[in-house]
Amino acid sequence: MVRPSFTTALAVAALAGSALAQSNAKGTRDKPCPADSPCCGLYGDCGIGAFCLGGCDITMSHSIKSCVPNPICKSGDYKMNSLDDVQDISKYLGDNSKINWQSQGKPLKYKDENLLLTMYEDSDGSLLASTFYVWYGKICARMTSSQGKGVVTAFIMMSDVKDEIDFEWIGADISTVQSNYYSQGAIDYTKTKNLTVDDSTKWHDYCIDWKPEELKWSVDGKEVRTVKKSDTWNSTDNRFAYPQTPARVMISLWPAGKKTNAKGTIDWAGGEIDWHSKYMLSGGYYAAGISSVSVQCYDPPAGAKKNGDKSYKYTDKAATNNTIELSNDIVVLGSLDGSGENPGEASKTQSSSQSTKTALQVPGAIIGGAHQDAPTGSANSGSGGNNGQSSGGNSNGGTAGGEFVQGLNSPASNSFGVSVEPGLGKVGGSALAIVVAILGLIAL
Ligand SMILES: *[C@@H]1O[C@H](CO)[C@@H](O)[C@H](O)[C@H]1NC(C)=O
Ligand SMILES: *[C@@H]1O[C@H](CO)[C@@H](O)[C@H](O)[C@H]1NC(C)=O
Ligand SMILES: *[C@@H]1O[C@H](CO)[C@@H](O)[C@H](O)[C@H]1NC(C)=O
């Protein structure tokens with residue numbers, strides 16, 4: 001039904017999107033990324049720099065050291081009412097002691113109350129991803145979905161090897177949120193479950209409670225779905241098809257209903273996006289709201305090897321939970337020319353876009369269609385156009401924030417979601433799905 005085509009569609013969309021990578025190498029498990037472009041990013045493209053940070057898949061990268069270790073879980077109540085703790089992906093080099101959230105697209109600050117993930121006409125929406133990883137924990141987000149056909153909002157947990165736990169809102173149906181989970185990106189259409197929500201464009205609390213033996217989804221404090229690890233044994237793969245590797249928190253708004261996407265994706269999302277819809281804000285974009293994310297880290301699995309307490313490190317390409325150890329290794333790249341194997345020295349010039357390397361530095365496939373023509377090697381200009389500014393997130397938000405306020409006809413802030421109405425989802429959720437889809441294609 002919709003699912004198969006949906007997944008395929010996403011895969012195609014992802015591959016098409018990554019065409020901005022042009023003839024750039026792709027990584028697969030059978031054919032990992034080459035030495036000069038060692039890191040396989042979330043969407044399958046090989047690169048350096050940001051490709052070696054969040055989303056770098058060791059199973060498809062040149063070596064197990066290409067990707068930097070995953071910064072350890074940080075419990076906290078992250079207020080999403082400013083962009084101070086958000087940095088554009090083209091600026092982040094891996095020092096997560098300074099910044100907890102990475103962005104793609106254009107997150108905006110709404111008053112001092114919350115952030116908006118925006119999706120402007122023909123853009124690819126926006127994505128926020130934590131710079132730390134969670135290896136089991138309770139993760140909650142207070143958010144509003146966007147609305148309108150083709151627009152998808154997502155709150156997901158995504159590991160670098162594509163273990164994934166999802167909440168996804170299809171903008172054509174604001175009374176449903178879809179829940180799902182994946183193991184190492186394997187496509188399985190039978191695991192989606194629709195959950196009921198009373199108007200997702202209003203504020204609700206969504207939680208993922210992820211334990212080694214059991215996974216629960218809840219909405220406004222009410223448990224709505226449980227999956228037990230013991231029910232997920234896959235005898236073909238000889239492992240539990242259960243999310244079990246350190247995962248980042250990702251919240252996104254993305255255009256599943258973009259004309260150029262595969263029909264299955266568009267159908268799943270309720271149709272093509274209307275870029276003149278009443279659900280768009282007068283600033284000219286769809287929006288999803290996020291006001292806080294709370295993270296309660298659980299202990300790593302009892303048997304986990306402990307050689308430190310700063311990061312999680314894969315020790316084997318099997319990438320199951322028993323191949324991950326705790327370590328003290330934190331790798332900060334000197335510039336976007338670096339990789340896990342060769343982090344490099346900090347660049348003396350202000351902009352890494354002066355790199356002479358031809359490898360891609362920042363995954364841009366999913367975000368910003370305008371960047372699809374970005375020449376190889378300058379993909380880092382792709383995320384927000386704020387190169388050369390000291391803090392992408394802040395400067396970005398300042399400008400855009402003005403536009404938003406200008407366009408706001410909002411009543412009381414607690415009904416913010418209503419006035420904002422629909423919006424598109426971004427790649428976040430789909431990122432998972434896309435990864436899944438890509439793996440699926442590869443499997444074919
Ligand atoms: C889940 O909800 C979507 C609409 O949001 C609908 O298209 C789909 O058929 C539903 N799936 C199931 C299994 O009910
Ligand atoms: C087990 O995994 C294989 C390969 O990933 C997949 O094709 C198969 O459908 C899975 N089986 C079950 C019962 O989930
Ligand atoms: C994680 O590893 C432990 C110890 O090897 C094992 O008992 C457990 O089943 C694993 N969990 C999953 C999800 O495979």
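How many of the nine residues of strand E11 (residues 151-159) are buried? The answer is nine, so the strand is described as mostly covered. The views below come from a predicted model.

**Figure 1. The chain as a whole.** The chain has 444 residues, and 56% of them are buried. Its secondary structure comes to five helices and 24 strands. Take the contacts between residues at least 6 apart in sequence: 69% of them join residues at least 24 apart.

**Figure 2. An open sheet of eight strands.** The strands follow the order E5-E6-E9-E20-E11-E12-E13-E14, and their pairing is mixed. Strand E5 (86-88) and strand E14 (193-196) stand at the edges; each has a single partner strand, so one side of each has no neighbour in the sheet. On average, neighbouring strands of this sheet are turned by 20° against each other, direction ignored. Strands of a sheet pair through backbone hydrogen bonds, in either a parallel or an antiparallel way.

**Figure 3. Strand E11 and its two faces.** In a regular strand the side chains alternate between the two faces of the sheet. On one side of E11 are Val 151, Thr 153, Phe 155, Met 157 and Ser 159, and on the other are Val 152, Ala 154, Ile 156 and Met 158. Both faces are covered, and the residues named on each side are all buried.

**Figure 4. The partners of strand E11.** E11 pairs with strand E20 (residues 247-255) in the antiparallel sense over nine bridges. E11 also pairs with E12 in the antiparallel sense, here over seven bridges. Thr 153 can be followed in both directions: Leu 253 stands opposite Thr 153 in E20, and Trp 169 is the bridge partner of Thr 153 in E12. E11 and E12 form a hairpin with four residues between the strands, where Lys 162 takes a positive phi near 70°.

**Figure 5. Strands E12 and E13.** Strand E12 (residues 164-170) and strand E13 (residues 176-182) run antiparallel and are joined by five bridges. One of the residue pairs is Glu 164 with its bridge partner in E13, Tyr 182.

**Figure 6. The largest nonpolar core.** In soluble globular proteins, nonpolar side chains tend to be buried together. The largest nonpolar core of this model has 98 residues. Those with the most contacts inside the core are Cys 39, Val 134, Met 157, Val 249 and Ile 251. Leaving aside residues up to four places away in sequence, Met 157 touches Val 134, Ile 139, Glu 164, Ile 165, Ile 208, Trp 210, Pro 243, Ala 247 and Val 249.

**Figure 7. Arg 248, a residue of strand E20.** Arg 248 lies in strand E20. Is Arg 248 buried or exposed? Arg 248 has 25 other C-beta atoms within 10 Å, and because 20 or more are needed to count as buried, Arg 248 is buried. Not counting residues up to four places away in sequence, Arg 248 touches Gly 54, Ala 129, Ser 130, Tyr 133 and Met 158. Arg 248 and Trp 135 are 113 residues apart in sequence, and their C-alpha atoms are 9.0 Å apart in space.

**Figure 8. Asp 77, a residue of strand E4.** Asp 77 is found in strand E4 (residues 76-79). Asp 77 counts as exposed because there are 10 C-beta neighbours inside 10 Å, and the limit for exposed is 12 or fewer. Asp 77 touches Ser 292 and Ser 294, not counting residues up to four places away in sequence. Cys 140 is 63 residues from Asp 77 along the chain, and the C-alpha atoms of the two are separated by 9.3 Å.

**Figure 9. An open sheet of four strands.** This sheet has the order E3-E23-E24-E22 with mixed pairing. Strand E3 (70-71) and strand E22 (305-306) are the edge strands, and each pairs on one side only. E22 pairs with strand E24 (residues 324-327) in the parallel sense over two bridges. Lys 305 stands opposite Glu 325 in E24.

Figure 10. Ligand 2 is surrounded by Ala 186, Asp 188, Asn 234, Thr 236, Asp 237 and Ala 241, a shell of two nonpolar, two polar and two charged residues. Around ligand 3 are Pro 212, Lys 229, Arg 239, Phe 240, Tyr 242, Gln 244, Pro 301, Gly 303, Thr 320, Asn 321 and Asn 322. The shell around ligand 3 divides into four nonpolar, five polar and two charged residues.

How values were computed. Residues numbered from 1 in each chain as written. Chains lettered and ligands numbered in written order. Predicted model: local features only at pLDDT ≥ 70, side-chain atom pairs only at ≥ 80, totals over all residues. Near = placed C-beta within 6 Å. Nonpolar A, V, L, I, M, F, W, Y, C, P; charged D, E, K, R; others polar. Pairing = 2+ DSSP bridges. Axes fitted to C-alpha atoms, helices over the stretch in contact; angles between N-to-C directions. Core = buried A, V, L, I, M, F, W, Y, C linked by C-beta atoms within 7 Å. Contact = placed C-beta atoms within 7 Å.
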